[in-house]
Amino acid sequence: MLDALFKISDHNSTVRRECIAGLTTFITMVYIVFVNPAMLAEAGMDQGAAFVATCIAAAIGCFIMGFWANYPLALAPGMGLNAFFTYGVVLGMGYTWQAALGAVFMSGCIFLFLSLFKVREWIINAIPLVLKQAIATGIGAFLALIALKNAGIIVASPATLVQLGDITAAGPLLAIFSFFVIAALLYRDFKSGVLISILLVTVIALSLGLVEYQGVISMPPSIAPTFMQLDFSAAFELSMLSVIFALLFVDLFDTSGTLVAVTQKAGLADEQGNMPRLGRALSADSAATIAGSVLGTSTTTSYIESVAGVSVGGRTGLTAVVVGMCFLLMMFFAPLAKMVPAYATAGAILYVSVLMLQNLKFVNWDDMTDAIPVSVVLLMTPLTFSIAHGIALGFISYTVVKVLCGKREQVSISVWILAAMFVIKFAFLS
């Protein structure tokens with residue numbers, strides 16, 4: 001039944017492999033069920049209700065992506081978007097969290113409209129192959145930065161922005177250990193190497209007293225304080241319209257970049273880099289964003305951590321469905337999952353970044369009109385700490401370099417339009 005539903009055999013996969021991939025993806029992104037509620041609580045929301053809303057919204061998004069689009073792509077409330085929700089809209093602009101949820105709902109509706117009428121599909125298919133390769137590598141560099149930061153291997157410096165942390169401390173050492181264990185296991189074709197490494201490091205941390213045992217099972221908190229609490233009274237104020245546009249814009253290009261990277265890694269795109277069932281995949285996070293706002297959480301989006309599951313063999317929607325089931329179960333096993341420390345997943349994320357950077361081998365480095373935009377995306381995505389900014393600067397540099405070097409015919413109308421939109425964004429909306 002599962003094979004017929006998800007076409008597992010057609011993708012040269014197995015049910016066992018898809019389940020392991022789902023568990024792997026889940027463990028690399030489960031941190032969001034703790035980070036997101038804590039961040040939303042700073043906006044005045046009930047943390048327990050936000051925890052449950054985060055789990056359910058993630059599950060809904062994963063189920064839609066898995067059953068309808070049949071992609072191994074997991075969804076959950078997005079990092080960065082939740083920060084904008086709390087620190088930008090509520091604490092920065094002075095709106096209530098209810099009004100902010102209304103903005104999330106409206107951005108999701110517009111998002112879904114664009115998806116149904118294939119505007120988003122046109123945008124993604126309009127990306128030149130070299131920029132798709134650049135996006136994948138840029139996200140790889142971004143993941144490396146996140147992993148090294150979370151592990152404490154690199155830390156902030158007032159003099160040089162970043163510097164080497166105390167790599168003799170337990171956290172950095174265990175993260176490095178995790179990374180090497182993953183490399184060794186996957187080299188020997190242990191498909192569950194990432195999962196084994198994460199669990200092994202967690203057990204070591206627990207035995208060393210670095211992680212406090214907090215129990216196994218607890219009843220989920222009530223979702224009532226945030227459920228159906230949307231406020232649309234400020235929806236048509238000029239400042240709120242800019243908020244809706246910003247949520248829409250960031251989610252559009254973060255999701256687009258993630259889709260490109262994951263499908264490229266999974267081999268689900270054709271020779272031109274186009275993706276089958278793209279319209280369905282694009283609609284999944286839009287619908288999940290709408291559902292999440294009703295439940296009481298910030299924008300739900302596709303997660304680049306899905307590449308972790310793809311790297312161990314996930315190729316179908318069953319991977320996403322397994323992730324969704326794990327998020328539902330997470331509501332009851334919060335104390336157990338909370339014991340997984342950040343450095344336990346840092347090694348996995350760092351390994352995934354290595355896999356993403358392999359796309360650099362497909363770039364024609366002898367053609368500087370290709371090499372320059374790839375380098376811009378590769379460098380600016382982690383340095384601006386934004387996938388959306390990396391994509392935007394890549395489009396602009398691609399257009400400018402191609403025109404100045406006499407290759408204007410390689411710049412399509414759609415690329416011209418998108419590059420112009422990015423210039424306008426930086427000029428007037430940043």
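**A predicted chain, question by question**

Q: Is Asn70 buried or exposed?
A: This is a predicted model, and Asn70 sits in the loop between α4 (47-69) and β1 (75-77). The cut-off for burial is under 20% relative accessible area. Asn70 has a relative accessible area of 9%, so the call is buried.

Q: What is phi of Asn70 near?
A: Most residues other than glycine have a negative phi. Asn70 isn't a glycine, yet its phi is positive. The value is near 55°.

Q: How many Å apart are the end C-alpha atoms of α17?
A: Helix α17 has 16 residues, and at 1.5 Å a residue they should span a length that the model does agree with. The expected span uses one less than the number of residues. So the ends of α17 agree with the rule, at 22 Å apart.

Q: What covers the buried residues of α17?
A: Buried residues in α17 include Thr369, Asp370, Pro373, Val377 and Leu378. Others among them are Thr381 and Pro382, towards the end of the list. Their cover includes α8 (129-151), α16 (342-357) and α18 (387-404).

Q: How many of the 14 residues of α14 are buried?
A: Helix α14 takes in residues 317-330 and reaches 20 Å from its first C-alpha to its last, close to the 20 Å expected. Its buried residues include Gly317, Val321, Val322, Val323, Cys326, Phe327 and Met330. Overall α14 is mostly covered, with a buried count of eleven.

Q: Is Trp97 buried or exposed?
A: Trp97 lies in helix α6 (residues 97-116). Leaving aside neighbours within four places in sequence, its contacts include Ala43, Met45, Phe85, Pro225 and Gln229. Its relative accessibility is 12%, so Trp97 counts as buried.

Q: How many Å apart in space are Trp97 and Ser298?
A: In sequence, Trp97 and Ser298 are 201 residues apart. In space, taken C-alpha to C-alpha, the separation is 9.7 Å.

Q: What is the radius of gyration of the chain?
A: The chain has 19 helices and four strands, and its C-alpha atoms fill a box of roughly 65 × 60 × 55 Å along the principal axes. With 430 residues, a compact globule would have a radius of gyration near 22 Å, and the chain agrees with that. Its own value is 21 Å.

Q: What share of the chain's contacts with a separation of 6 or more do residues 24 or more positions apart account for?
A: As background, 56% of the 430 residues count as buried. Taking contacts with a separation of 6 or more, the part from residues 24 or more positions apart is 80%.

Q: How many Å apart are the mean positions of the positive and negative charges?
A: The chain exposes about 17,600 Å², with carbon and sulfur atoms supplying 69% of it. The charges number 19 positive and 21 negative. Their mean positions are apart by 7 Å.

Methods
Residues are numbered from 1 along each chain as its sequence is written. This is a predicted model: local features need pLDDT of at least 70, side-chain atom pairs count only at pLDDT 80 or more; totals for chains, interfaces and linings use all residues. Side-chain values use heavy atoms; hydrogens and water are left out. Helices (H or I, at least four residues) and strands (E, at least two) are DSSP runs, numbered from the N terminus. The radius of gyration is taken over C-alpha atoms; the globule rule is 2.2 Å times the number of residues to the power 0.38. Buried means under 20% relative accessible area, exposed over 50%, partly exposed in between (1.4 Å probe, protein chains only). Contact means heavy atoms within 4.5 Å. Accessible areas come from the Shrake-Rupley method with a 1.4 Å probe; for residues, only the protein chains shown count as cover. Lys and Arg count as positive and Asp and Glu as negative; His and the chain ends are not counted. The place of a charge is taken as NZ of Lys, CZ of Arg, CG of Asp or CD of Glu.
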